[in-house]
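The following briefing concerns a single protein model and is arranged by topic. Please consult the sequence and the structure alongside the text.

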Amino acid sequence: MCKAYVVLDGTLLRIDRIAADRPYYSGKHKRHGMNVQVLADPAGRLL
């Protein structure tokens, strides 16, 4: 029996923004940034 799966990983990339740009503010990290997510196979290759 062969099981197939993918790996989902994400991180917050810090960006320079002013306080008026609230959509780019992360309350968890207490800084401005963009959320980047990646899907990879078990060998680490991007899908």
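Arg 45 is exposed, because its relative accessible area is 55%; exposed means over 50% relative accessible area, buried under 20%, and partly exposed in between, with a 1.4 Å probe and protein chains only. The side chain of Arg 45 meets that of Asp 41 in a salt bridge, at 2.9 Å from N to O. This is a predicted model, in which local features need pLDDT of at least 70 and side-chain atom pairs count only at pLDDT 80 or more, while totals for chains, interfaces and linings use all residues. Residues are numbered from 1 along each chain as its sequence is written, and side-chain values use heavy atoms, with hydrogens and water left out.

**Salt bridge and Asp 41**

- A salt bridge requires a side-chain nitrogen of Lys or Arg within 4 Å of a carboxyl oxygen of Asp or Glu, and the count by this rule is 1.
- Asp 41 is placed in the segment after S3; helices (H or I, at least four residues) and strands (E, at least two) are DSSP runs, numbered from the N terminus.
- Asp 41 counts as buried because its relative accessibility is 13%.
- Leaving aside residues up to four places away in sequence, Asp 41 touches Val 7 and Leu 47, where contact means heavy atoms within 4.5 Å.

**Sheet**

- An open sheet is formed by 3 strands in the order S1-S3-S2, with antiparallel pairing.
- Strands S1 (7-14) and S2 are the edge strands, each pairing on one side only.
- S1 and S3 are paired in the antiparallel sense over 8 bridges; two strands pair if DSSP finds at least two bridges between them.
- Leu 8 has Leu 39 in S3 as its bridge partner.

**Nonpolar surface patch**

- Val 6, Leu 8, Leu 39 and Leu 47 make a nonpolar surface patch of about 410 Å².
- Patches are made of residues with over 30% relative accessible area and no salt bridge, with like charges joined within 9 Å and nonpolar side chains (Val, Leu, Ile, Met, Phe, Trp, Tyr) within 5 Å; accessible areas come from the Shrake-Rupley method with a 1.4 Å probe, and for residues only the protein chains shown count as cover.
- Leu 39 lies in strand S3 (residues 31-40) and counts as partly exposed because its relative accessibility is 41%.

**Confidence**

- The protein chain has a mean pLDDT of 81, and 83% of its residues reach 70 or more; pLDDT is the predictor's confidence in each residue, from 0 to 100.
- Within the protein chain, confidence is lowest in strand S2 (residues 25-26), with a mean of 78, and highest in S3, at 88.
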